[in-house]
Structures are given as structure tokens and as C-alpha cells.
Amino acid sequence: MNNLKKILMFSLAALIMLSLVLNVSANSVCHWYIKRNGHSRPNFPTEAQSVAQHGGFFIDERYGDDTAEKKLYITFDAGYENGNIEKILDVLKREEVPVAFFILDNLIIKNTDLVMRMADEGHLVCNHTRNHKDLSLADEETIAESLSSLEKVYEQKTGREMSKYFRFPEGKYSLKALEAVEKLGYKSIFWSFGYDDWDNNRQPCREKALKKILDNTHNGEIILLHPTSSTNAEILPTLISEWRKMGYTFGTLDELTA
């Protein structure tokens with residue numbers, strides 16, 4: 001009887017410890033980071049499997065290094081307009097390339113016509129939170145309020161319904177936050193290539209940016225760019241032309257997640 005009691009007490013302690021470990025793991029903050037691998041699939045972090053299991057996407061698995069058909073998904077994170085978003089939209093319209101814009105409320109409120117144009121010209125307008133607040137350790141209620149408040153601003157200003165795609169600000173997330181976003185009916189979109197283009201005071205030169213992007217284009221890629229970048233606005237026509245020469249076509253997030 002004493003042995004049985006000891007076994008039960010040990011088992012209970014083990015279950016408590018396991019619960020604590022799982023809880024810590026679920027709330028651990030992850031920073032999405034990709035180790036580049038040229039034209040081959042990059043090396044994804046160990047957390048990538050958990051992302052995929054909770055409605056997250058970071059590459060199109062259907063298009064591998066040896067797949068004949070080549071597909072690329074272009075996404076932009078946009079918080080404000082500085083003249084370059086309009087230029088980028090002009091290029092996308094001329095080249096007939098669909099993209100996804102992950103936006104904040106500032107852009108919707110101050111540049112409603114520009115956001116309407118995104119949707120009217122066939123681009124997906126997606127959720128990047130209302131004010132770019134870190135949600136990695138937020139509770140479900142806070143996450144729901146952050147996403148729904150942006151939805152409401154978008155609907156009020158445009159009369160449209162926001163696409164159910166979400167991107168965590170700065171790529172900071174946790175398993176718990178992923179689960180909360182998934183419960184809201186959203187798919188979390190990460191990326192398999194991004195580069196330092198967000199700092200308007202530290203823009204790379206045209207040649208350097210083109211080389212870095214083209215040298216790291218791989219099949220099934222989800223590329224993250226910022227449309228406020230003057231360099232991106234300048235090189236986008238060349239990028240699209242070079243990607244097409246490499247055999248790439250441009251997919252939508254609806255195709256990616258189908």
C-alpha cells in the first residue's frame with residue numbers, strides 16, 4: 001500500500017511538472033528568423049512545425065527545389081504612406097502582379113483611397129494589428145480586440161471585409177498566441193525571405209538590394225517587403241522582370257492556403 005501511494009504521488013508530481021513545462025513552452029516568445037540558403041529552401045527554425053500545426057504558413061511546400069513549376073508569393077507590411085506605396089501600386093497594376101498588404105489602422109484612416117485601391121486592383125488587404133503592438137504574450141481577449149478593432153476600422157472606412165490573414169508584428173509570437181489567432185479564423189503568414197528594408201534612413205543601394213533579393217529567391221517563397229522603402233519602389237519593376245526570366249509566376253495567399 002505504501003509503495004502504491006509513493007507511485008501515485010510520484011506520478012502526480014510528474015504530471016504537475018509536465019503541465020508547468022508545457023505552459024512555459026506555450027508562452028515562450030519566439031522570434032521568427034530564417035537562415036538563408038540561396039536558391040534552395042532555407043533552413044527553418046525548430047518552431048516552424050508548431051507554426052504549421054496552428055494555421056501558419058511560411059513557404060509553399062508544394063513547390064520544392066526540384067519542382068519544375070516555380071511560384072513566388074509577394075507580401076508587404078505597410079503602416080503608413082510616404083509616397084512609395086502609391087509608386088509600388090502603380091508598378092503592380094502595370095505588371096498585373098497580385099500581392100498581399102498587411103496593414104495598420106494609420107494607413108486606413110489617413111490613406112483610405114490608397115487602401116481602397118489595393119482591394120480594387122485585386123490585392124489582399126490583411127491584418128497586421130491596429131497599432132503594431134507585440135501580441136506574443138497577450139491573452140486571448142487582447143488578441144481578439146486587437147484584430148477585430150482593425151477589422152472594424154477597415155469595414156467602416158471601406159465598406160469591405162478584411163481578408164483573414166494575419167502577420168505578427170516583428171515576427172514575435174508564441175504557441176499560445178498562434179492558437180488564439182487560429183481560433184479567430186485567421187491564418188498566420190510568416191515568410192521564407194525578408195531583408196533589412198524597413199529603416200528609411202538606412203536604405204540599401206539599388207544594386208545591393210537587387211542582388212540580395214534575387215540571390216535568395218527560392219521556389220515556394222513567401223517574401224516580406226516594406227512598401228515604404230524607396231529602394232523597393234525603385235527596383236520593383238526590375239525584380240518582377242528578373243523573376244519572370246527565372247520562370248516564376250506570382251501566387252496569392254488564397255492559393256497558398258487552399
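**Figure 1. Residue classes in the lining of the largest pocket of this predicted model.** The lining comprises 13 nonpolar, 9 polar and 7 charged residues. Here Ala, Val, Leu, Ile, Met, Phe, Trp, Tyr, Cys and Pro count as nonpolar, Asp, Glu, Lys and Arg as charged, and the others, Gly among them, as polar. Of the 29 lining residues, Trp-191, Tyr-195, Trp-198, Leu-224 and His-226 lie nearest the pocket centre. A pocket is an open set of points on a 1 Å grid over the protein atoms alone, where a 1.4 Å probe fits, with protein on both sides within 12 Å along at least five of seven lines; lining residues have an atom within 4 Å of a point. Residues are numbered from 1 along each chain as its sequence is written. Local features need pLDDT of at least 70 and side-chain atom pairs pLDDT 80 or more, totals for chains, interfaces and linings use all residues, and side-chain values use heavy atoms, without hydrogens and water.

**Figure 2. Pairing of strand 3 (70–78).** Strands are DSSP runs (E, at least two residues), numbered from the N terminus, and two strands pair if DSSP finds at least two bridges between them. Strand 3 pairs in the parallel sense with strand 10 over 5 bridges and with strand 4 (residues 100–103) over 4 bridges. Phe-76 stands opposite Leu-225 in strand 10, and Asp-77 has Phe-102 in strand 4 as its bridge partner.

**Figure 3. Surroundings of Trp-243.** Beyond its neighbours within four places in sequence, Trp-243 is in contact (heavy atoms within 4.5 Å) with residues including Leu-72, Ile-74, Ile-213 and Phe-250.
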